[in-house]
Amino acid sequence: DPPESDNADDGEADVVMPGDDFYYYDEVGVLSDALKGEIYFSNKRLFEDCGAQIVVVVLKTTGTASIDDYCIRLFNRWGIGDREKNNGFLLLLAIDDEDYYACPGSGLKDVMSPQEISAMLFDNLESDFAAGRYDSGVKRMYEALFQRIASICGSGAKIQEGAEANRLN
C-alpha cells in the first residue's frame, strides 16, 4: 500500500470532522436523542473493553465523492477503532443521495465477510431506510453490529448498558 499523504489535496480535507460525541454525527437530524445516547454510552463501554468503535454518520450528501470512497476517507481521517487491532466500524448514511455504506476496519474484515455485512444491512437497515425511517433502521443495524463486534472482540459489553447509562445521564 502506498503511504498516506498529508497533503490537503488528497481528498480527505472534504470529509466532515467528528463532533464532541465522536460515535455519532447527524447533520440531518434524523437520529433520536435516545439512539444517540445508546450509541455513545454503549460504544464507550465497548472501547474500554477491547478498543472497538462503531461510528454512525448521517450526512445530507457525500457531494461528488462516491459513498464508498467518502466512507473510507472518513474512517481513516477519524481513526476509528484501535490502531493496532483495526477493529473500528463506520456506518455512513447519505440521505439526499438515498444511499448508505458500511466500512469495517481491516481487523474486522478477517472475520466479517462482505456477504455477512451485506446481509446485516439488508436485514436491519434496508426496509427502514427505503421508507425514510432512519432512526429505526440505524437502531436495528447498530444493535446488530454491536452484538457481532462485541462477540468478535470477546467483550462482555451489552447494548442495554448503553441504553441504561443514557437514561441515567
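This is a predicted model: local features need pLDDT of at least 70, side-chain atom pairs count only at pLDDT 80 or more; totals for chains, interfaces and linings use all residues.
Residues are numbered from 1 along each chain as its sequence is written, and side-chain values use heavy atoms, with hydrogens and water left out. Local features need pLDDT of at least 70 and side-chain atom pairs count only at pLDDT 80 or more, while totals for chains, interfaces and linings use all residues.

Student: How are helix 4 and helix 5 oriented to each other?
Tutor: Helix 4 (residues 114-130) and helix 5 (residues 134-153), which like the other helices here are DSSP runs of H or I with at least four residues, pack at an angle of about 155 degrees with their axes 7 Å apart. The axes are lines fitted to C-alpha atoms over the stretch in contact, and angles run from 0 to 180 degrees between N-to-C directions. Angles under 35 degrees count as roughly parallel, over 145 as roughly antiparallel, 65 to 115 as roughly perpendicular and the rest as oblique. Helix 4 and helix 5 are therefore roughly antiparallel.

Student: How many residues of each class make the contact of helix 4 with helix 5?
Tutor: With contact meaning heavy atoms within 4.5 Å, helix 4 contributes residues including M120, L121 and F129, and helix 5 contributes residues including Y134, M141 and R148. Ala, Val, Leu, Ile, Met, Phe, Trp, Tyr, Cys and Pro count as nonpolar, Asp, Glu, Lys and Arg as charged, and the others, Gly among them, as polar. The contact of helix 4 with helix 5 has nine nonpolar, four polar and five charged residues.

Student: Which elements cover the buried residues of helix 5?
Tutor: Buried means under 20% relative accessible area, with exposed over 50% and partly exposed in between, for a 1.4 Å probe and protein chains only. In helix 5 the buried residues include Y134, M141, F146 and I149. What covers the buried residues of helix 5 includes helix 1, strand 2, strand 3, helix 3 (106-109), helix 4 and helix 6 (159-168), where strands are DSSP runs of E with at least two residues.

Student: Is L46 buried or exposed?
Tutor: L46 lies in helix 1 (residues 33-50), and residues up to four places away in sequence aside, L46 touches G51, A52, I54, F146, I149, A150, S155 and A157. The C-alpha atoms of L46 and I149 are separated by 9.0 Å, although these residues are 103 apart along the chain. Because its relative accessibility is 0%, L46 counts as buried.

Student: Why does K36 count as buried?
Tutor: K36 is also in helix 1, and apart from neighbours within four places in sequence, K36 is in contact with Y24 and L31. K36 counts as buried because its relative accessibility is 18%.

Student: How do helix 1 and helix 6 lie to each other?
Tutor: The axes of helix 1 and helix 6 come within 7 Å and cross at roughly 120 degrees. That angle makes helix 1 oblique to helix 6.

Student: What span does helix 2 reach from its first C-alpha to its last?
Tutor: Helix 2 (residues 67-78) has twelve residues, and the expected span is 1.5 Å times one less than the number of residues. The buried residues of helix 2, among them I67, F75 and W78, pack against strand 1 (24-26), strand 2 (53-59), strand 3 (88-94) and strand 4 (99-104). Close to the expected 16 Å, helix 2 reaches 16 Å.

Student: Which residue with a positive phi follows helix 5?
Tutor: Helix 5 has 20 residues and reaches 27 Å from its first C-alpha to its last, close to the 28 Å expected. The residue that follows helix 5 has a positive phi near 70 degrees, and this residue is G154.
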